[in-house]
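Dear colleague,

Please find below the structure I wished to pass on to you. My findings follow directly after it.

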Amino acid sequence: EASHVARAVAGERNHALFCAAANLGELVAGGALHADEARAVLMAAATVHIGTDGFTATEAHKTITSGLRKGASRPRPIAREAA
């Protein structure tokens, strides 16, 4: 997801960030990923875009929050294999 965000082009980066956050939000809601980790990884990936064509850190934070919230409505747990 982070790679997808980092490679997004202008005009698609906000959508890419939202979709990535929603996907990770599903894993957070399913207990497979911690929200702080998801947020940090997504923000790091979005950092390459900050300052380009008016994209700001505030916009990135809002988009990540919105995407995580959307993903939380569809929890996706990861099945753990028995040892």
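This is a predicted model: local features need pLDDT of at least 70, side-chain atom pairs count only at pLDDT 80 or more; totals for chains, interfaces and linings use all residues.

The buried residues of α2 are R13, A16, L17, A20, A21, A22, L24, G25, E26 and L27. The helix itself runs over residues 13-29, 17 residues in total. From its first C-alpha to its last, α2 reaches 24 Å, close to the 24 Å expected at 1.5 Å a residue. Just after α2, G31 adopts a positive phi of about 85°.

Turning to the chain as a whole, four helices and zero strands are present, and the order from the N terminus on is α-α-α-α. Of the 83 residues in the chain, 30% are buried. Contacts between residues at least 6 apart in sequence were also examined: 68% of them join residues at least 24 apart.

As to overall dimensions, the chain has a radius of gyration of 13 Å, which agrees with a compact globule, because a globule of 83 residues would have a value near 12 Å. Along the principal axes, the C-alpha atoms fill a box of roughly 50 × 25 × 20 Å.

The chain carries 9 positive and 8 negative charges, whose mean positions lie 5 Å apart.

With kind regards

Note on methods
Residues are numbered from 1 along each chain as its sequence is written. Side-chain values use heavy atoms; hydrogens and water are left out. Helices (H or I, at least four residues) and strands (E, at least two) are DSSP runs, numbered from the N terminus. The expected span of a helix is 1.5 Å times one less than its number of residues. Buried means under 20% relative accessible area, exposed over 50%, partly exposed in between (1.4 Å probe, protein chains only). The radius of gyration is taken over C-alpha atoms; the globule rule is 2.2 Å times the number of residues to the power 0.38. Contact means heavy atoms within 4.5 Å. Lys and Arg count as positive and Asp and Glu as negative; His and the chain ends are not counted. The place of a charge is taken as NZ of Lys, CZ of Arg, CG of Asp or CD of Glu.
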